[in-house]
Amino acid sequence: MVAVVNEPSHVLVVEDDPTVREVVVRYLEREGLEVDAVGDGAAALDHAEQRWPDLVVLDLMLPVIDGFEVCRRLRERAPVAVIMLTARGDEDDRVTGLELGADDYVAKPFSPRELTARVKAVLRRASGPPDAVTAAAPARIETGALVVDVAARQASLAGQLLTLTAREFDLLAFFAARPRLAFRREELLERVWGYTYGDTSTVTVHVRRIREKIESEPSAPDHLVTVWGIGYRWDP
């Protein structure tokens, strides 16, 4: 019998503060992850050219090239999981980061243990097998012109493939498989993101991005609707 050994996930830490960078690297390496670290945006892009990471821990306020532009350029090349580090209270920055396709963000000052937990959760979601988010879903879901192919992890609208991040697809599949059920933002954060705590604006931004891609009138959605005082519901 040949044993199959899974290689550790490769994480790139992009942080200009050497103390923060060192602490983050140490905590991630304790979890068995393979970690490289750089101190500015240009170095991050150069490093990714040499070795594509599985996940990037990306500070937004970077010298040379800022974190927003780094994320944009990485996403133009290929899908990659991104967790952004933002200053506490900079809501606009967090929203912009999520709209660029970041999977999550952690506000500074942060607990290294919390960041490590977020990294592990995003890596599981990005590279692991289907879990509770999609395992209960049918292999194919059709809602009018929208088709969600859970098995292939693809969605199309009127025959045109949609460009969705991994988390956007998970959220869309979760809703489409559970029509007419209302979910609170906190519940979605736990069941789709796997977090027992966190900022629910993450959910709000992802819902808005999905609406922009599937709804004819995103401001007056037909399918992914708001249930006032509760959260969101999928109407087929």
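Two strands count as paired if DSSP finds at least two bridges between them. Strands (E, at least two residues) and helices (H or I, at least four) are DSSP runs, numbered from the N terminus. Welcome to a predicted model, where local features need pLDDT of at least 70, side-chain atom pairs count only at pLDDT 80 or more, and totals for chains, interfaces and linings use all residues. Residues are numbered from 1 along each chain as its sequence is written, and side-chain values use heavy atoms, with hydrogens and water left out.

**View 1. Strands E11 and E12 pair in the antiparallel sense.** Four bridges link E11 to E12 (residues 231–234). Look for Thr226, whose bridge partner in E12 is Tyr232.

**View 2. E10, E12 and E11, in that order, form an open three-stranded sheet with antiparallel pairing.** Its edge strands, E10 (182–184) and E11 (224–227), each pair on one side only. From one strand to the next, the twist averages 35° (axes are lines fitted to C-alpha atoms, for helices over the stretch in contact; angles run from 0 to 180 degrees between N-to-C directions). Helix H8 (residues 185–193) lies across E10 and E12, at about 85° to E10; contact means heavy atoms within 4.5 Å.

**View 3. Strand E4 (residues 81–87) is mostly covered.** E4 runs parallel to E3 (residues 55–59), joined by five bridges, and Leu58 stands opposite Met84. E4 also pairs in the parallel sense with E5 (residues 104–108) over five bridges, where Ala87 stands opposite Lys108.

Notes: Buried means under 20% relative accessible area, exposed over 50%, partly exposed in between (1.4 Å probe, protein chains only).
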